[in-house]
Amino acid sequence: MTTLAPVEVEAIARDYDAAWNAKDLDAIVSSHAEDGTYRLHIAGAPAIRGRESIRAAFAASLDNWSDLSFDLERVLFGDGFYVWSSSLRGVLAKPLELGAVAVPANGARLAFRGVDVITLDERGLIESKQTYFDLVAAANQAAAG
């Protein structure tokens, strides 16, 4: 268990959010522990382990979008963890195919919610990131757009 105070966790969370909004892959990845894990909970995707694997996954994610931003909706902080709820807004650069859900890259501006559950190690690095997105909402918007 970490001994990070909620105020420290909040600063770490805000820096991480700023890195995503800046699309700064180096800053994003350097926030993760060397042996950290990431899992996008969609279509049975497995957990990814290790900073280099996380870098590859996040680089591919950023490459999927021609325009991307995150708007904070709610955040909960505790000792060594935070839960970050936000709206993702963007335009796909290429189609997303995630199991039975396919989102076409048709120029539609998409907006949908997501939640990250993040735990930190004793140094304040991300030990585990669990991401949940409402991609069915995105698929429905793209189909209508």
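Predicted model: local features only at pLDDT ≥ 70, side-chain atom pairs only at ≥ 80, totals over all residues.

Student: How do you know that the span of helix H1 agrees with its number of residues?

Tutor: Helices are DSSP runs of H or I with at least four residues, and strands are runs of E with at least two, numbered from the N terminus. The expected span is 1.5 Å times one less than the number of residues. For the 16 residues of H1 (residues 6–21) this gives 22 Å, and the end C-alpha atoms are 22 Å apart, so the two agree.

Student: Which residues of H1 are called buried, and why are they said to line one face?

Tutor: Buried means under 20% relative accessible area, exposed over 50%, and partly exposed in between (1.4 Å probe, protein chains only). Val9, Ala13, Tyr16, Asp17, Ala19 and Trp20 are the buried residues of H1. Seen down the axis, they fall within an arc of 155°, and therefore line one face of the helix; the arc is that of the directions from the helix axis to the C-beta atoms. Val7 and Asp15 are exposed on the face turned away from the buried side.

Student: What makes S7 and S8 a pair?

Tutor: Two strands pair if DSSP finds at least two bridges between them. S7 and S8 have seven, in the antiparallel sense, and form a hairpin with five residues between them.

Key:
Residues numbered from 1 in each chain as written. Heavy atoms only, no water.
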